[in-house]
Amino acid sequence: MREVQEPQYDAIVIGAGVAGIYQIYRLQELGMSATVLEAADGPGGTWYWNRYPGARFDSESYTYGYSFSKDLLDEWDWSEHFAGQPETLRYLNHVVDKFDLRKHMQFGCKVEGAEFDEDGCFWRVRLEDGREFTGRFLLTAIGMLSAATLPRIEGLDDFEGESWHTYYWPHEPVELAGKRVAVIGTGATGVQVISEIADKVGELTVFQRRPNWCAPLHNDRIDEESLADIKSSYDEIFEICRRNAGGFLHSPDPRKFQDVPREERLELWEKIYAARGFSVWMSNFIDTGINPEANAEYSAFIADKIRSRVNDSDTAELLIPKDHGFGTRRVPLETRYYEAYNRENVHLVDINETPIERITTRGLRTAERDYEFDLIIYATGFDAITGAFDRMNMTGSGGLALRDKWSESPDTLLGMQTSGFPNLLMLSGPQGGSVSTNYPRGIETAVDWISDLLVYMRDHGYRRVEANAEAESSWRQHVQEMYQFQLMSKVKSWFTGYNSNVDGHDVPRLMIYPGGAPRYRERLEEVAANDYEGFHLS
Ligand code: NAP
């Protein structure tokens, strides 16, 4: 008889970002043997990598921190309502050290592949350097926006100046003063970079394909009194986040758009435009994301705001989205973004009019002319959610490759598991709640649910869990129904699975869970209460 091999660990966690940190905290608390494999040389995930100028939260800092430890909440002083990347990275390192988690983490471990060993019922994980680890459960904490994509433009390697994708911004400072700089991409990242560097560079040329609806962040420092207030109201803060569909500190106006006279609508819109963070998106009339008329009127209101902030009317028109309504793609929050275009050293190029033909040794060539640059910044986004999975070779039961299974649709059960991949538990899986919310809020839900499942399995002597194909298919149907309601479902963005720089991502895919965090949590609780119905435990 063949001897069944026992795995090295109860659990292997891939990734030491927001999700991996909390997951390893819970695993060690449960007394499970576990390790975190992390490609970087330190923890922090997204906040480790994204060091580009202007990188900061657009969730209120005090809604982004972990809620699981009162001690941690009491001792950490956020300095700004929307903290910058260095502060967030310091915070995450602080959490790791406070709970002594570093000893469970291995850095410089880039996972190249993982396969499920059917006989032994465990995962074998291979690193790029050839090392192997085995664990009963494989928990992916690999982030949702961690597979950066460069544009598919000829000549990328020809450029002799400096060029960076924002995600891979170097640790050393990049000289900006006096430099001729190009930014390609105007999503949430591009908007932050452009706003931050406009007055620091020599010349800045922005190459825009589609504008987004941006709105003011209204960041500020947190004074001592406000900090004391925040610390004494964490329970309330997290309760508001729990009730909000996106896990944010904002509540919708319960009225429907058509039930409110125009004057009152304008009053609310002025108020939320002047309010902090995502109020401008989430504190609106409840039907703004689903009622085309409400959305069109609000979009017209925001368009006027843009016109009022940009001096040149042609530039203003270029910056106003014409192909989608407000909030149907991720809304970039900004600080003096539109005003940047009033500067003499900032130029906007519409690449629909004059497409980029190639990158050259000295800059880039559009259909109209050659440009010379010292620095090209690619703020061209990510192969969202599934990209990080696709970049690892993951093989489940019977040699099924995850990449193949998901080639048309990244179907999962609750975003937590996908059939054919036993014991693979995903903290930010497609069609799940954590990829649809203020990330740490969704992640605490996912980690707690998965940890409870592991305890349940331990208590019942189970060692294998796999989503049923039928349950997965019902979940897909439910996710699809939730998408159908929303105006965003008709718009190309990473919410709907598009990325022009990745083969096959030119068709709509069901990527997130658009039914709202409260509904999602309710479903998770029901499933757990019914002995994890939909999951086959053995
Ligand atoms: P993104 O929203 O996908 O934006 C990428 C930008 O690059 C878009 O403007 C896109 O144009 C453009 N682009 C892509 N390929 C191109 C090409 N070949 N030629 C020309 N333009 C091209 O990516 P992102 O800005 O990095 O943001 C991704 C997500 O990260 C956000 O939605 C947000 O969830 C998160 N984020 C969060 C924060 C924060 O918390 N504060 C900050 C930054 C980012 P099209 O629109 O035409 O495709």
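This is a predicted model: local features need pLDDT of at least 70, side-chain atom pairs count only at pLDDT 80 or more; totals for chains, interfaces and linings use all residues.

Reader: Why is Cys-109 called buried?

Author: Buried means under 20% relative accessible area, exposed means over 50%, and partly exposed lies in between, with a 1.4 Å probe and protein chains only. Cys-109 has 2% relative accessibility and therefore counts as buried. Cys-241 has a relative accessible area of 3%, so Cys-241 is buried.

Reader: What makes Cys-121 stand out in its backbone, and is Cys-121 buried or exposed?

Author: Most residues other than glycine have a negative phi. Cys-121 is not a glycine, yet its phi is positive, at about 55°. Cys-121 is found in the loop between strand E4 (111-117) and strand E5 (122-127); helices (H or I, at least four residues) and strands (E, at least two) are DSSP runs, numbered from the N terminus. Its relative accessibility is 4%, so Cys-121 counts as buried.

Reader: What is the phi of His-218, and why is His-218 called partly exposed?

Author: His-218 has a positive phi of about 60° although it is not a glycine. The loop that holds His-218 runs between strand E10 (215-216) and helix H7 (224-232). Because its relative accessibility is 30%, His-218 counts as partly exposed.

Reader: Which class of accessibility applies to Asp-58 and which to Asp-374?

Author: Asp-58, in the loop between helix H2 (46-49) and helix H3 (61-64), has 9% relative accessibility and therefore counts as buried. Asp-374 sits in the loop between strand E15 (370-372) and strand E16 (375-378). At 24% relative accessibility, Asp-374 is therefore counted as partly exposed. Its C-alpha atom is 5.1 Å from that of Gly-161, which is 213 residues away along the chain.

Reader: What makes a space in this structure a cavity, and how many cavities of 30 Å³ or more are there?

Author: On a 1 Å grid over the protein atoms alone, a cavity is a set of points where a 1.4 Å probe fits but cannot get out, whereas a pocket is an open set with protein on both sides within 12 Å along at least five of seven lines; lining residues have an atom within 4 Å of a point. Grid points are joined across faces, edges and corners, and a volume is the space filled by probe spheres set on the points. The structure holds three cavities of 30 Å³ or more. The largest cavity has about 40 Å³ of space, and its lining includes Tyr-62, Trp-76 and Tyr-234.

Reader: How do you know the class of each residue in the lining of the largest cavity?

Author: Ala, Val, Leu, Ile, Met, Phe, Trp, Tyr, Cys and Pro count as nonpolar, Asp, Glu, Lys and Arg as charged, and the others, Gly among them, as polar. On that basis the lining of the largest cavity has eight nonpolar residues, one polar residue and no charged residues.

Reader: Which residues lie closest to the centre of the second largest pocket, and which element gives the most to its lining?

Author: The second largest pocket has a volume of about 580 Å³. Gly-54, Gln-192, Ser-195, Glu-196 and Lys-200 are the closest to its centre among the 27 residues that line the second largest pocket. H6 gives the most to this lining, with three residues. By class, the lining of the second largest pocket has 11 nonpolar, seven polar and nine charged residues.

Reader: Where does Glu-196 lie, and why is Glu-196 called partly exposed?

Author: Glu-196 lies in helix H6. Its relative accessibility is 33%, so Glu-196 counts as partly exposed.

How values were computed: Residues are numbered from 1 along each chain as its sequence is written. Side-chain values use heavy atoms; hydrogens and water are left out.
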